Amino acid sequence: MAFMRKQREEDKEFQDRVVHIGRVTKVVKGGKNFSFNALVVVGDEKGKVGFALGKALEVPAAIRKGVQKAKKEMVNVAFKGHSIPYEVWGRFGAAKVMLRPAKPGTGVIAGAAVRAIVETVGIKDIVTKCYGSTNPHNVVKATFNALAQLENPEIILERRFGRDRDEVQK
């Protein structure tokens with residue numbers, strides 16, 4: 001019973017979104033075998049997010065497998081306030097994704113795949129644009145590529161100048 005309670009508390013901590021569900025057909029001698037894959041994004045709305053592909057014979061099982069796998073492969077994203085610190089571009093295959101910071105109150109301006117990631121990571125104000133391929137798998141990977149490029153501005157200043165920001169401004 002304690003295990004179930006712990007699992008429910010953990011589920012409240014993370015928010016999951018299904019980005020895409022695909023139906024796969026395998027033609028065999030006896031007919032057609034159907035299976036499903038689910039591309040899932042999981043985040044805690046505080047800077048941690050992960051994605052995974054779950055495969056199973058039924059849709060709910062594929063989603064559950066994807067969520068479990070995504071929780072294991074979460075990454076930290078550096079964002080400032082309710083937006084990202086600077087513009088970044090991500091690329092995977094033929095998909096290119098541009099993420100641009102926005103003023104407070106703008107909201108999330110993004111397509112379905114990018115919106116799922118950005119909202120689960122906790123970003124409230126951002127403008128995005130997808131170029132090239134709009135395949136959900138490639139767009140998700142390109143978005144993660146872009147988010148991985150983000151760093152905290154204070155860390156960048158420290159790396160550039162080797163001292164605190166206050167000393168640089170004097």
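Select Ser83 to begin: this residue of the predicted model is buried, with a relative accessible area of 8%. Because buried means under 20% relative accessible area, Ser83 falls within that class. Ser83 sits in the loop between β4 (75-76) and β5 (88-92).

Keep Ser83 selected and show its surroundings. Leaving out residues up to four places away in sequence, Ser83 touches Pro101, Ala102, Ile123 and Asp125. Two of these neighbours also make polar contacts with the Ser83 side chain. The backbone nitrogen of Ala102 is reached by the side chain of Ser83 at 3.2 Å. A polar atom of the Ser83 side chain lies 2.7 Å from the backbone oxygen of Asp125.

**The β5-β6 hairpin**

For a landmark, pick Arg91, which stands opposite Lys96 in β6. Now go to the turn. How many residues lie between β5 and β6 in the hairpin? There are two, and Gly93 in the turn has a positive phi of about 60°.

Next, select β1, β2, β3 and β4. Strands of a sheet pair through backbone hydrogen bonds, either parallel or antiparallel. Here the four strands form an open sheet in the order β1-β2-β3-β4, with antiparallel pairing. Which strands are at the edges? They are β1 and β4, each of which pairs on one side only.

Strand β3 (residues 48-56) pairs with β4 in the antiparallel sense over two bridges.

Helix α3 touches β1, β2 (31-43) and β3, and its direction makes about 140° with that of β1. Helix α4 packs on the sheet as well, touching β1, β2, β3 and β4; the direction of α4 makes about 155° with that of β3.

**Helix α4**

Stay on helix α4 (residues 136-148) and look at its N-terminal end. Asn135 caps that end, with a side-chain oxygen 3.1 Å from the backbone nitrogen of His137. Then put a distance between the end C-alpha atoms of the helix. The 13 residues of α4, at 1.5 Å a residue, should span 18 Å, and the end C-alpha atoms are 18 Å apart, which agrees.

Colour α4 by burial. The buried residues are Asn138, Val139, Val140, Ala142, Thr143, Phe144, Ala146 and Leu147. An α-helix has 3.6 residues a turn, so residues three or four places apart point the same way.

**Salt bridges**

The structure holds four salt bridges. Select Glu119 and Arg17, whose side chains meet in one of them at 2.7 Å, N to O. Glu119 lies in helix α3 (residues 112-121) and Arg17 in strand β1 (residues 15-28), so this pair ties together parts that are 102 residues apart in sequence. Both ends count as partly exposed: Glu119 at 22% relative accessibility and Arg17 at 27%.

Move on to Glu151 and Arg159, which form a salt bridge with the closest N and O atoms 2.9 Å apart. Glu151 is partly exposed, with a relative accessible area of 29%, whereas Arg159 is exposed at 53%.

**The whole chain**

From the N terminus on, the elements run α-β-β-β-α-β-β-β-β-α-β-α-α-α. Of the 170 residues in the chain, 34% are buried. Among contacts with a separation of 6 or more, 56% come from residues 24 or more positions apart.

Technical notes
Residues numbered from 1 in each chain as written. Predicted model: local features only at pLDDT ≥ 70, side-chain atom pairs only at ≥ 80, totals over all residues. Heavy atoms only, no water. Expected span 1.5 Å × (residues − 1). Buried < 20%, exposed > 50% of the residue type's maximum accessible area, 1.4 Å probe, protein only. Polar contact = N/O pair within 3.5 Å; in protein donor to acceptor, adjacent residues only side chain to side chain. Contact = heavy atoms within 4.5 Å. Pairing = 2+ DSSP bridges. Axes fitted to C-alpha atoms, helices over the stretch in contact; angles between N-to-C directions.
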